[in-house]
Amino acid sequence: MKKLGFVMCFLLLFFSCTEDEKTLKEGNWLVELQVMDHQKLPFNLKLIKETNTSYSAEIYNGDEVIHTNEIDIVDNTIIIRLPVFEGYLKGTFDDSTIKGDFIKESLDRVVPFIATYGKTNRFEIANEAKTSVSGIWETKFSPNTKDAYIGKGIFVQNNTSVHGTFRTTTGDYRYLEGVLDGDSLKLSAFDGAHAFLFKAKVNDSLLEGTFYSGNHFKEPFTAIRNEVFELPDEDALTYLKEGYDKFDFSFPNEEGKMLSLSDEIFKDKVVIIQVMGTWCPNCLDETKFLVDFLKNNRKLELEVVALSFEYAKTEEDAYKSINRLKKRVGINYPVLLAQYGTADKEEAQKKLPMLNHVLSYPTTIFIDKQGVVRKIKTGFNGPATGEKYAEFKTEFTTLVTELAHE
């Protein structure tokens, strides 16, 4: 019995040591989120060992590289927090896999995932591409329903590899990366705020497929080739309602101080008001642009103020998200808390009753030195849209410079 007891103790000690010796491999991992209809939403992750006890990571979507060093490892559990956004990946690992969840606490959303070490192909390819999807596609999401809306697909294909995005009247669907496998188009993007998967069947002039957002939403879409297709003018979608001749606000900053457009800081200045949320990738794109613009145009008589609508369940958590964004991006203009607990657009419009609606985050309002609203821009076309983003930068610079010199 003594010998048996010794053997059992030895085996327990051996397996405990083996368990403790599990290490997290640096290098390439393929992460696959388990979304609706048993579909897998893949993205590429690279873990980089900085010291014996710390890691950083890079997430890849087409031309986009997202860097983060907010990684915690305890025993064989890893938590990867994405910069700015609240979403994080939490899982347990062994030599070749990480199993866990993508979690967004404020929305009570949990998406399971499995990550596999050493895999680099985002999607498996079984067949040569039968055609090319390069070009412009006139797109309808949820066609023939009351929720229908239009989009513009913009794609570049090289052999079986496909990059691009969908633009809509309220923004873009990020840097999409994927393949054309035979006649099957597969595209995905993950940034810590949104997880997007597009799958479609393709012939030369028609796409028919499904758009998945995480594991909580899906909708059909169709698209036809149309190289001259353009979306409606985003500058005409949001406007001041009849009976209002001015835009105004009164919301608190992180110190509890109320700011409004009548404050001295905004007097005789061009003012840009950004209706946004820290959870919104298009808002992040616009925020980065605004921060850089202010840094490079210090002599302009220009003020920017952001009105933040947050999903965070408490005021404290909402301010934590705002301060995290300010620190990460280097924001030196006021970010006021307009609402927490929901970012519902109808509720947001109640806080800004002078607008006909809040159709999109972000919505950007340009006000001249006399306090007159000169332009309201709905949505934001970020760097993933290529020429449209370049066009926006030129138009923005021209307008703001003209207003500043009036």
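Modeller: Let us begin with strands S8 and S9. S8 covers residues 97–104 and S9 residues 109–117, and the two pair in the antiparallel sense over eight bridges. Please keep in mind that this is a predicted model.

Biologist: What makes S8 and S9 a pair?

Modeller: Pairing requires at least two bridges between the strands, and S8 and S9 have eight. They are therefore counted as paired. Within this pair, Lys104 stands opposite Arg109 in S9.

Biologist: Which order do the strands of the open sheet follow?

Modeller: The order is S4-S3-S2-S1-S9-S8-S7-S6-S5, nine strands with antiparallel pairing. The twist averages 25° from one strand to the next.

Biologist: Why are S4 and S5 called edge strands?

Modeller: S4 and S5 (71–74) each pair on one side only, and that is what the term expresses. For S4, the partner is S3 (residues 55–61), joined to S4 by five bridges in the antiparallel sense. Tyr60 has Val65 as its bridge partner in S4. S3 and S4 form a hairpin with two residues between them, and Gly62 in the turn has a positive phi of about 55°.

Biologist: Which strands pair with S21, and in which sense, parallel or antiparallel?

Modeller: S22 (residues 302–309) pairs with S21 in the parallel sense over seven bridges, and Val271 has Glu303 as its bridge partner in S22. The chain passes from S21 through helix H2 (residues 281–296) to S22 in a right-handed β-α-β crossover. S24 (residues 363–367) runs antiparallel to S21 and is joined to S21 by five bridges; here Ile273 stands opposite Ile365.

Biologist: How do you know that Asp191 and Arg174 form a salt bridge?

Modeller: The N to O distance between their side chains is 3.3 Å, and the criterion is a separation within 4 Å. The pair therefore qualifies as a salt bridge. Asp191 lies in the loop between S15 (184–190) and S16 (195–202), and Arg174 in the loop between S13 (171–172) and S14 (176–181), so the contact ties together parts that are 17 residues apart in sequence.

Biologist: Why is Asp191 called buried?

Modeller: Its relative accessibility is 5%, and the cut-off for buried is under 20%. Asp191 therefore counts as buried. Arg174, also at 5%, is buried for that reason too.

Biologist: What makes Lys388 and Glu234 a salt bridge?

Modeller: Their N to O distance is 3.9 Å, which meets the limit of within 4 Å. Lys388 belongs to helix H5 (residues 387–404) and Glu234 to the loop between S18 (217–225) and S19 (250–252), 154 residues apart. Both Lys388 and Glu234 are buried. Salt bridges with shared partners join Glu234, Asp235, Lys375, Lys377, Lys388 and Glu391 into one network.

Biologist: How many salt bridges does the whole structure contain?

Modeller: The search finds 24. Among them is the one between Lys186 and Asp181, with the closest N and O atoms 3.3 Å apart; both of these residues are buried.

Conventions
Residues numbered from 1 in each chain as written. Predicted model: local features only at pLDDT ≥ 70, side-chain atom pairs only at ≥ 80, totals over all residues. Heavy atoms only, no water. Helix = DSSP H or I, 4+ residues; strand = E, 2+ residues; numbered from the N terminus. Axes fitted to C-alpha atoms, helices over the stretch in contact; angles between N-to-C directions. Buried < 20%, exposed > 50% of the residue type's maximum accessible area, 1.4 Å probe, protein only. Right-handed = clockwise from strand over helix to strand, strands pointing away.
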